[in-house]
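Here is a friendly walk through one protein model and what sits inside it. Have the coordinates open as you read, and follow along in your viewer.

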Amino acid sequence: MDATTVTVTGAGGQIGYALLFRIASGAMLGPDRPVRLRLLEIPQGLRAAEGTALELQDCAFPLLRGVEITDDPRTAFDGANVAMLVGARARTAGVERADLLAANAGIFGPQGAALNEVAAADVRVVVVGNPANTNALIAAASAPDIPADRFGALTRLDHDRALAQLAAKLRVAPDRIRDVTIWGNHSATQFPDVAHATVGGRPVTEALAEALGGTDAAASWLDDEFIPRVAKRGAEIIAVRGSSSAASAANAAVAHVRDAVRGTGDRGWTSAALVSHGEYGVPEGLVCSFPVTSAGPVTSTGDGYRIVEGVPLDARGRARLQASVDELIAERDAVRALGVI
Ligand code: NAD
Ligand code: LMR
């Protein structure tokens, strides 16, 4: 079987260190798919990436067909089947993800243009670097020959955080819970929605009411604890750990690509930020998190994610989504004002 070329940017950083070994082990693309890794770094990051490559070699992964390291985006993306855009400036305490817009906008335009020129015809792109949704919008806008549906931004970490909070409250394993949705931006305005989620086949809202002593108590927990905890979990990690989430982000990035490429199967939907075609009233072209499924694997890299349509949102849910969409519009307008798109 031909090797799949996976390009990881920011490979010398924290997430890179937690991500590359998972990819090389087969955890992302499957136990029978050989992988060739291309690591993109800026000159100051090359040495760290080289060190990681030495360790990758020392793991003697049977599926790993080679590791190349470069600071040139065109070399890094040449023939890439999967591009994981991690490299960006991470935020520190007190900084909002949107504050990184100007610093990171200059990265994703040139990388999108390089992908457009040299990536494989079946390339799939996931943006992890923050602000992830708008960085994905910039990369997609800079790659006019690559179908916009191939670009996504990571909200799988938010999705998994939501599953974990619910599982802890309901004292069940996270995989018993299905059809949670993260709507909107990968930011504090996101809307983690459990209105259609089930646990062991019954509504999560019903199970929460039973566990917490009534529907009012369940509604209060969802509004006052669950939603803010999930939406602000990134800041909580930064405050406790001293730097932003890395292993959990890498785990979510692996899950995002794995499910896109190999399919979501019978596990219900997951969440990913995709380019809107107007679904749920989200303006066309914004990269917004939706409920998604993937039929994969049809081709070597699967069919990819499709937005699940027709999920009902009540008035409060719509208002929460709109608040996050308003933030995405503001980010897009800020990027336009910078002349990046
Ligand atoms: P880090 O600072 O440890 O590593 C970032 C790496 O990117 C560095 O090695 C740096 O040299 C490199 N880099 C910078 N500009 C680059 C460029 N133009 N090309 C290639 N490489 C470049 O940061 P990290 O902890 O690995 O986080 C990376 C990004 O991921 C940050 O933006 C962070 O906010 C974001 N993040 C997103 C999520 C999510 O769920 N979407 C979760 C966690 C972190
Ligand atoms: C996260 O959600 O952990 C990341 O986006 C890092 C951050 O800046 O919060």
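## Around ligand 2

A polar side-chain atom of Asn130 sits 2.8 Å from an oxygen atom of ligand 2. Ligand 2 also has an oxygen atom 2.7 Å from a side-chain N or O atom of Arg161, and one that is 2.6 Å from a side-chain N or O atom of His186. These count as polar contacts, meaning pairs of N or O atoms within 3.5 Å; within protein, one atom must be able to donate a hydrogen and the other to accept it, and residues adjacent in sequence count only if both atoms are side-chain atoms. The surroundings of ligand 2 are made up of Arg91, Arg97, Asn130, Arg161, His186, Gly234, Ile238, Ser244 and Ser245, where a residue is near a molecule if one of its heavy atoms lies within 4 Å of it.

A word on the source: this is a predicted model, in which local features need pLDDT of at least 70 and side-chain atom pairs count only at pLDDT 80 or more, while totals for chains, interfaces and linings use all residues. Residues are numbered from 1 along each chain as its sequence is written, chains are lettered from A and ligands numbered from 1 in the order in which they are written, and side-chain values use heavy atoms, with hydrogens and water left out.

## Around ligand 1

Which residues are closest to ligand 1? They are Gln14, Ile15, Glu41, Val128 and Asn130, out of 24 residues that surround the ligand. Asn130 turns up here too, with a polar side-chain atom 2.8 Å from an oxygen atom of ligand 1. The backbone of Ile15 places a polar atom 3.0 Å from a ligand 1 oxygen, and a side-chain N or O atom of His186 lies 3.3 Å from an oxygen atom of ligand 1.

## Two backbone details

Asn130 is joined to Pro131 by a cis peptide bond, with omega about -5 degrees. Pro131 belongs to the loop between strand 5 and helix 5; helices (H or I, at least four residues) and strands (E, at least two) are DSSP runs numbered from the N terminus.

Ala60 is worth a look as well: its phi is near 50 degrees, a positive value in a residue other than glycine. You will find Ala60 in the loop between helix 2 (46–58) and strand 3 (64–70).

## Where the domains meet

The chain is divided into domain 1 (4–153) and domain 2 (156–335), with bounds from an automatic or database domain assignment. Their C-alpha centres lie 23 Å apart. In contact (heavy atoms within 4.5 Å) are 38 residues of domain 1 and 45 residues of domain 2.

About 3200 Å² is buried between the two domains, 59% of it from carbon and sulfur atoms; buried area is the accessible area (1.4 Å probe) that two parts lose on being put together, summed over both. On the side of domain 1, Arg97, Arg124 and Asn133 lose the most area to domain 2, together 19% of what that side buries. Between the domains there are 11 residue pairs in polar contact, both residues at pLDDT 80 or more, and zero salt bridges.

## Salt bridges

How many salt bridges does the structure hold? There are 16, each a side-chain nitrogen of Lys or Arg within 4 Å of a carboxyl oxygen of Asp or Glu. One of them pairs Arg320 with Asp223 at 3.5 Å, N to O. This pair links distant parts of the chain, 97 residues apart: Arg320 is in helix 11 (residues 315–337) and Asp223 in helix 8 (residues 215–231).
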